[in-house]
Amino acid sequence: TQAKVILGQIDALLAEAGTSKQQLLSANIWLKDIGTFGEMNEVWDKWVAPGATPARATVEARLAGPQYLIEIAVVAAIAAKG
C-alpha cells in the first residue's frame, strides 16, 4: 500500500516538474524488510513505463521512522526549454 501511495506522489511531483515516469533515469528503493521485495516489485512493475525502466537499486535499510515500510527516490530528465 505504501509503495502505491509513494508512486502516486512521484507521478504528481514529476508532472509538477514538467516530466513523467517515461523520463526516469534512476531509482533507489529502501525497504524496511527485504522480505517484501516481491510484493514491492509487483507494484513497481505495474507502475513503471514499459520500455522506459530506469536503472534501479533496492536495499533493506532502517528507515526514517517505524511507520515507514518503503522509501523511494528517483531522478528524471526534463526537456530543456529554449
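The model is predicted, so local features need pLDDT of at least 70 and side-chain atom pairs count only at pLDDT 80 or more, while totals for chains, interfaces and linings use all residues. Residues are numbered from 1 along each chain as its sequence is written, and side-chain values use heavy atoms, leaving out hydrogens and water.

**Exercise 1. Describe how α1 and α2 are arranged and which residues meet.**

Step 1: Helix α1 (residues 2-16) and helix α2 (residues 37-47) have axes that come within 10 Å and cross at roughly 30°. Here axes are lines fitted to C-alpha atoms, for helices over the stretch in contact, and angles run from 0 to 180 degrees between N-to-C directions.
Step 2: Angles under 35 degrees count as roughly parallel, over 145 as roughly antiparallel, 65 to 115 as roughly perpendicular and the rest as oblique. Therefore α1 and α2 are roughly parallel to each other.
Step 3: On the α1 side, A3, K4, L7, I10 and D11 meet V43, W44 and W47 of α2, where contact means heavy atoms within 4.5 Å.
Step 4: By class, the contact of α1 with α2 has six nonpolar, no polar and two charged residues. Ala, Val, Leu, Ile, Met, Phe, Trp, Tyr, Cys and Pro count as nonpolar, Asp, Glu, Lys and Arg as charged, and the others, Gly among them, as polar.

**Exercise 2. Work out the sheet and find the partners of W30.**

Step 1: The order β2-β1-β3 describes an open sheet of three strands with mixed pairing; two strands pair if DSSP finds at least two bridges between them.
Step 2: β2 (55-60) and β3 (70-76) are the edge strands, each pairing on one side only.
Step 3: Strand β1 (residues 24-31) pairs with β3 in the antiparallel sense over seven bridges, and with β2 in the parallel sense over six bridges.
Step 4: W30 has E71 as its bridge partner in β3 and stands opposite V59 in β2.
Step 5: To finish, α1 lies across β1 and β3, running at about 25° to β3.

Methods. Helix = DSSP H or I, 4+ residues; strand = E, 2+ residues; numbered from the N terminus.
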